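Have a look at it first, and then we can go through some charged pairs, rings and strands together.

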Amino acid sequence: MNKPTFLSICILVLCINPIFISTRLQANVIEQVMFRQITTSEGLSNNNINCLYRDSRGFLWIGTNSGLNRYDSYNFQQYYQDTDNLPDNRINNIFEDWDGNIWIGTEQGYAIYDYQTGKFDPNCKDRIHNFNIFCDTIFMARMNREMKYLWVYDDHKIYLYYPQQKMTKIYPLMDSTISDLFVTGKYLYSIYNDGKLYLTDINSSLNQEIHIPYEYVSLLRKHYPKIYVDRNDGIWVHTFQNSLLLYKKNLQTEWQEIKLPTHNEQFNRIRTIAEDTNGNMWLITSHLGAFIYQLQSGDLTQFTHNSLKSHTLASNNLSAIHIDREGIVWIGNFRHGVSYYVPQSQVFLNQKLYQYNEIISFCEDSVSIWYGTDGGGLMRQMHNDPMPRQITTPANVIITIKKDSRDRLWLGSFQNGLLCYDRGKITQYTSRNSGLLGNDIYGIQEDKEGNILIGLLNGNIQKLDIRTQKIETLFSKQGKYGIGELLYIGNDTLFAATSVGLMYLNTNTKQFHFINKNKRNNQILEKQSLCTIYKDSRGILWMGGSQGLAWWNLHTDSIGYINHNNGLSANMVTAIVEDNNRQIWVGTCNGIARINLSQGTFNITNYDVEDGIISNDVSERALYKLRNGNILVGTPNGYTTIIPQEIVHDTYKAKVYLTDIEPQYYSLSQMLNGKFPECASEIILEREIPSLRLYFSTLNFIESRKTRYAYRFKGQSSQWNYTADNQIELSLLPPGKYELQVRACNSECMWSPDVKTLTIHILPPWYRTWWAYCLFTVAILAVVWGFIVHFHVKRKRIEALKAIEQENERQQRLTDLKMQFFANVSHELRTPLSLIINPLEEFLNKYPQYKNSLLYTVQNNARYLLELINQLLNFRKLDAHGETIQYIHSDIVRLVKDQFQSFESIAQKRGDQL
């Protein structure tokens with residue numbers, strides 16, 4: 001495993017002796033470091049950077065002249081004064097306290113960001129009053145490097161708060177105005193505007209002055225000096241206004257003035273200093289870029305901006321620096337955003353040429369690198385030259401360049417034949433002046449005898465005899481097959497990439513055949529239009545063309561394929577090369593792929609312009625390994641130099657954070673139960689939604705675009721669903737409770753054991769809630785109970801009615817019996833009564849003189865009795881609906897007289913007066 005460190009990259013040449021009081025250093029400008037850029041184009045609120053900080057969770061905070069930014073390696077979250085309670089939009093200080101809260105310093109004071117709520121508290125004074133820190137104006141606040149103390153100072157005192165002991169100590173300031181303060185685990189270093197430096201013991205509060213020679217004090221006075229103390233207790237003092245930089249290795253050594261290399265000392269303006277994980281000091285200047293000062297050797301390395309090299313700093317006018325726990329160096333530019341350097345990542349160095357940027361071939365000899373261009377012909381760059389220069393040749397399109405065993409360059413051109421460049425002398429072979437069968441040369445190889453094998457685009461393979469200068473045709477299919485790259489592997493064996501697949505040719509016997517199977521005839525080599533072929537150190541023959549990458553292990557006689565379906569960024573493969581770590585680099589029409597076979601499997605990592613390469617479109621056959629192991633990549637926009645690193649991790653532990661939710665149907669606080677996404681463990685949605693997008697990040701700034709995510713719902717499926725980016729889209733989830741699990745893997749397909757679990761509550765509409773169901777249940781039970789009660793009441797009513805009916809029937813039967821009885825009795829009475837009345841009427845009719853006698857009364861009463869009996873009989877008929885009541889007119893006087901006469905005899909008998 002080869003993991004170059006930063007020290008091995010920065011090879012320096014000049015040492016200094018620390019005993020000198022003043023030393024002017026010469027700096028090496030290092031090319032083998034790649035800076036990446038973040039600007040407003042990526043979402044930054046402003047390109048004028050004042051401060052940077054990466055917190056313990058991994059988020060990058062960027063303070064600008066116009067707002068605060070938080071970056072999760074994918075997207076920016078921006079905060080402003082008018083929307084987020086910041087005291088001001090100009091951010092000049094950011095740090096994190098022991099509880100993980102982020103302190104934001106502005107021109108108008110401090111605000112504290114709480115991750116749990118995602119809100120800023122602008123009442124910083126109330127917070128520090130709880131720490132027994134009582135100051136009206138906070139000039140500066142910060143945690144010390146070991147995260148042991150919170151220190152704050154105003155114009156009178158220094159306050160030091162111990163979070164573990166919850167204790168505050170106060171140290172008085174000197175009479176002069178304090179300019180800067182630095183706190184270590186044991187000491188307070190305070191420097192004042194009068195140029196004096198003091199050391200205060202934190203425990204004993206003893207104070208002593210650190211002597212600075214007068215000639216330096218006069219330069220520090222009234223120039224707001226700054227102080228920095230490295231991890232070896234070395235003291236650094238610098239100013240911005242008069243370009244002074246002092247270094248004191250320890251309290252016992254003398255001060256050393258370090259003068260940066262510049263043609264004008266007024267440009268030697270140091271803004272800030274930081275120490276990286278290797279103990280190197282980074283010096284950030286206003287117009288000289290960045291410097292690295294190595295404490296052990298005293299060497300100095302400079303990084304500057306180059307407009308033709310996109311991997312350099314965005315500018316030379318720098319403003320801030322922060323080095324995080326992973327060793328990533330974040331540098332703020334004045335008006336040009338953020339530049340950052342990741343030590344443990346693939347390094348891509350980009351170069352544009354002044355005029356001809358379309359690079360299509362490379363070659364290297366002992367003193368220079370040769371470039372073939374499309375339009376500019378041949379270019380040559382000496383190893384110590386910054387830029388290549390053009391070499392005049394008869395051809396302006398150089399397709400391929402090969403160096404033979406005699407250090408001669410052979411150039412294959414488009415429409416200008418074969419060129420031989422021998423120490424400045426050029427020999428041209430064309431179809432007119434030689435036996436060439438065409439002028440489009442795409443393949444060149446040297447055989448074991450030193451002869452030149454030539455592949456022509458029109459379907460011919462020829463051999464140039466170096467001794468006789470005669471050209472012999474080895475294979476000719478004029479116009480049938482296009483011949484691309486040639487590969488000579490010895491023993492008269494030549495492979496050719498053709499438009500119909502891989503061809504084998506014996507250069508001695510001229511026998512050839514197209515290969516469509518392996519030697520054992522049990523695997524098929526698919527036919528495709530090949531562009532390039534390459535044999536690596538393992539004996540694997542790699543073939544790239546229109547359908548992806550094919551490989552044929554000549555030792556095991558096995559064939560396989562790699563294409564877009566199993567990890568390649570595109571199916572169009574244009575170039576192949578192997579690095580010194582035995583990794584295979586593949587150029588495509590959509591970026592570059594790195595294939596690592598060290599663990600027995602094909603681990604593929606794709607790179608594109610977002611990773612730092614100059615263009616996604618790699619020119620055909622334009623991958624070339626230099627003697628130092630670097631790889632050149634030709635593109636239409638210039639070329640990229642790859643410094644290959646075998647990045648293989650034994651383990652991968654990445655924490656997955658939820659960073660955002662879209663669309664936001666209502667506030668995030670309401671959706672996340674009062675928390676902010678990074679700290680949320682549940683999502684609450686108050687109704688059914690059509691879709692929901694969740695954004696995640698592992699806060700991986702090294703290869704953020706290579707991180708893959710997978711998710712599943714716990715308890716519903718054991719299979720993981722893979723995403724194309726850092727977002728998960730959920731749609732048409734019915735109401736219920738879900739446990740969403742999300743995990744991440746790196747570019748080597750190693751999955752992190754840390755699984756993010758989110759509980760998603762999708763609340764049903766009110767009529768589908770538990771209380772609604774309870775209400776519905778109660779209502780249904782009430783209805784059922786009412787129905788039951790109604791049924792029972794109705795049944796009882798029916799039973800009562802039935803009983804009444806039965807009783808009525810019984811009474812009716814009884815009544816009928818009575819009526820029948822009365823009728824029968826009446827009939828029985830009527831007969832004798834009729835027998836009484838009829839004779840009496842006959843008697844009275846015969847003897848009229850008795851009409852006014854008692855007999856007449858008897859007759860009347862008998863008739864009346866008969867009438868009553870008839871009425872009884874008629875009443876029975878009336879009850880049987882056989883008779884109706886008949887009303888008649890009568891003489892009431894006579895009726896009364898008759899009634900009187902009926903009772904007259906009885907009254908007389910009783911002696912009553914009527």
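1. A definition to begin with: a residue is called buried when its relative accessible area is under 20%, exposed when it is over 50%, and partly exposed in between, using a 1.4 Å probe and protein chains only. By that scale Asp422 is partly exposed, with a relative accessible area of 26%, whereas Arg423 counts as exposed at 67%.

2. Some background on what you are viewing. This is a predicted model, in which local features need pLDDT of at least 70 and side-chain atom pairs count only at pLDDT 80 or more, while totals for chains, interfaces and linings use all residues. Residues are numbered from 1 along each chain as its sequence is written, and side-chain values use heavy atoms, with hydrogens and water left out.

3. Now the charged pairs. Side chains of opposite charge can pair when their charged atoms come close. Here a salt bridge means a side-chain nitrogen of Lys or Arg within 4 Å of a carboxyl oxygen of Asp or Glu, and a search of the whole structure finds 18 of them. One of these joins Arg423 to Asp422, at 2.6 Å from N to O.

4. Asp121 and Arg127 make another salt bridge, with their closest N and O atoms 3.8 Å apart.

5. Next, find Arg693 and Glu662, whose side chains meet in a salt bridge of 3.4 Å, N to O. This pair links distant parts of the chain, 31 residues apart: Arg693 belongs to strand β61 (residues 691-697) and Glu662 to strand β59 (residues 657-662). Strands here are DSSP runs of E with at least two residues, numbered from the N terminus. Arg693 has a relative accessible area of 24% and is partly exposed; Glu662 is partly exposed too, at 30%.

6. On to the rings. Rings of Phe, Tyr and Trp (its six-membered ring) pair if their centres lie within 6.5 Å, and the structure holds 45 such aromatic pairs. One aromatic cluster is formed by Phe59, Trp61, Tyr79, Tyr113, Tyr115, Phe120, Tyr657 and Phe676.

7. For the sheets, two strands pair if DSSP finds at least two bridges between them. An open sheet of 4 strands runs in the order β3-β30-β29-β28, with antiparallel pairing. Its edge strands, β3 (35-38) and β28 (318-323), each pair on one side only. Within the sheet, β29 (residues 329-333) and β30 (residues 338-341) pair over 4 bridges, and Ile331 stands opposite Ser339 in β30.

8. Finally, a hairpin: β40 and β41 have 5 residues between them, and Gly450 in the turn has a positive phi of about 85°. The two strands pair in the antiparallel sense over 5 bridges, and Ile444 has Ile454 in β41 as its bridge partner. Why is β40 (residues 441-446) described as largely enclosed by the rest of the structure? Because 5 of its 6 residues are buried.

Conventions
Rings of Phe, Tyr and Trp (its six-membered ring) pair if their centres lie within 6.5 Å; planes under 30 degrees apart count as stacked, over 60 as edge-to-face and the rest as tilted.
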